[in-house]
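Here is a short report on one predicted model. It covers a helix pair, a loop residue and the salt bridges.

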Amino acid sequence: MAKIIVVTGQSQSGKTTFSNYLKSAHDYMEAHPIEDMKSFFEQHYGLLPGTLSSADGKAKVLNNYTGLTGQQLLVDMWKYFSQVDPLFSTHYLRRLLPGCVLYGVPVVINGVRSVSEVNVIFEVYSPDDVIHVVMRRDESYREVSDSDSDMVFYSLFYTLRRFITVSNNGTLDELYELADEVVRRAS
């Protein structure tokens with residue numbers, strides 16, 4: 001069984017739904033670095049819990065007059081902190097992954113966004129222990145909007161021996177069947 005499944009993809013491609021299903025149906029621990037970062041920012045800036053995302057983990061409008069979403073605020077904060085502390089996004093993974101290896105807990109990481117996060121994964125796991133799942137919605141192979149995402153995609157793609165593209169264009173049950181297939185292939 002793959003010890004870690006890394007799920008990447010564009011916004012609204014089904015990453016969270018896919019990861020939540022692996023957690024509930026297959027006992028994977030879900031690691032969601034962006035959610036950890038949201039919690040950090042909420043605590044650090046005195047925002048109410050849940051200010052930066054809705055209950056289902058999606059960005060929500062913070063101010064109905066300007067239309068600013070939690071996602072937009074988060075992107076701005078991410079850019080700021082990546083300049084102040086380029087390894088900010090890796091702290092969560094550095095705390096979590098060694099314990100998962102120690103206790104043999106399989107992990108699904110929802111949304112790797114930087115090459116430094118990829119590097120942390122490979123400090124802890126060998127490429128044979130990792131499957132990269134790329135979520136997509138439509139028939140385009142992938143549409144990545146920034147160079148950081150390109151670098152993450154290619155650093156994972158060229159390092160890993162197991163790479164799966166999940167086309168999320170059907171029903172929820174069909175997505176769950178695809179997730180079950182990924183777990184079977186991981187075994």
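## Helix packing

H1 and H7 cross in a right-handed sense. Helix H1 spans residues 15-26 and helix H7 residues 172-186. Their axes come within 10 Å and cross at roughly 65 degrees.

On the H1 side, the contact uses Thr-17, Phe-18, Tyr-21, Leu-22 and His-26. These meet Leu-172, Leu-175, Tyr-176, Ala-179, Asp-180, Val-182 and Val-183 of H7. By class, the contact has nine nonpolar, two polar and one charged residues.

## Tyr-125 in its loop

Tyr-125 sits in the loop between helix H5 (115-124) and strand S6 (130-136). Its relative accessible area is 3%, so Tyr-125 is buried: the cut-off is under 20%.

Tyr-125 touches several residues beyond four places away in sequence, among them Lys-3, Ile-4, Leu-97 and Val-107. Ile-4 is 121 residues from Tyr-125 in sequence, yet the C-alpha atoms are 8.1 Å apart.

## Salt bridges

The whole structure holds three salt bridges. One joins the side chains of Asp-129 and Lys-3 at 3.4 Å, N to O. This pair links distant parts of the chain, 126 residues apart: the loop between H5 and S6, and the segment before strand S1 (4-9). Asp-129 is buried at 18% relative accessibility, while Lys-3 is partly exposed at 41%.

Arg-94 and Glu-123 meet at 2.8 Å, N to O. Arg-94 lies in helix H4 (residues 91-103) and Glu-123 in helix H5, so the bridge ties together parts 29 residues apart in sequence. Glu-181 pairs with Arg-184, with the closest N and O atoms 3.1 Å apart. Both lie in helix H7, three residues apart, about one turn of the helix. Glu-181 is partly exposed at 33%; Arg-184 is exposed at 52%.

Notes:
Residues are numbered from 1 along each chain as its sequence is written. This is a predicted model: local features need pLDDT of at least 70, side-chain atom pairs count only at pLDDT 80 or more; totals for chains, interfaces and linings use all residues. Side-chain values use heavy atoms; hydrogens and water are left out. Axes are lines fitted to C-alpha atoms, for helices over the stretch in contact, and angles run from 0 to 180 degrees between N-to-C directions. Helices (H or I, at least four residues) and strands (E, at least two) are DSSP runs, numbered from the N terminus. A crossing is left-handed if the near helix is turned anticlockwise from the far one by less than a right angle, and right-handed if clockwise. Contact means heavy atoms within 4.5 Å. Ala, Val, Leu, Ile, Met, Phe, Trp, Tyr, Cys and Pro count as nonpolar, Asp, Glu, Lys and Arg as charged, and the others, Gly among them, as polar. Buried means under 20% relative accessible area, exposed over 50%, partly exposed in between (1.4 Å probe, protein chains only). A salt bridge is a side-chain nitrogen of Lys or Arg within 4 Å of a carboxyl oxygen of Asp or Glu.
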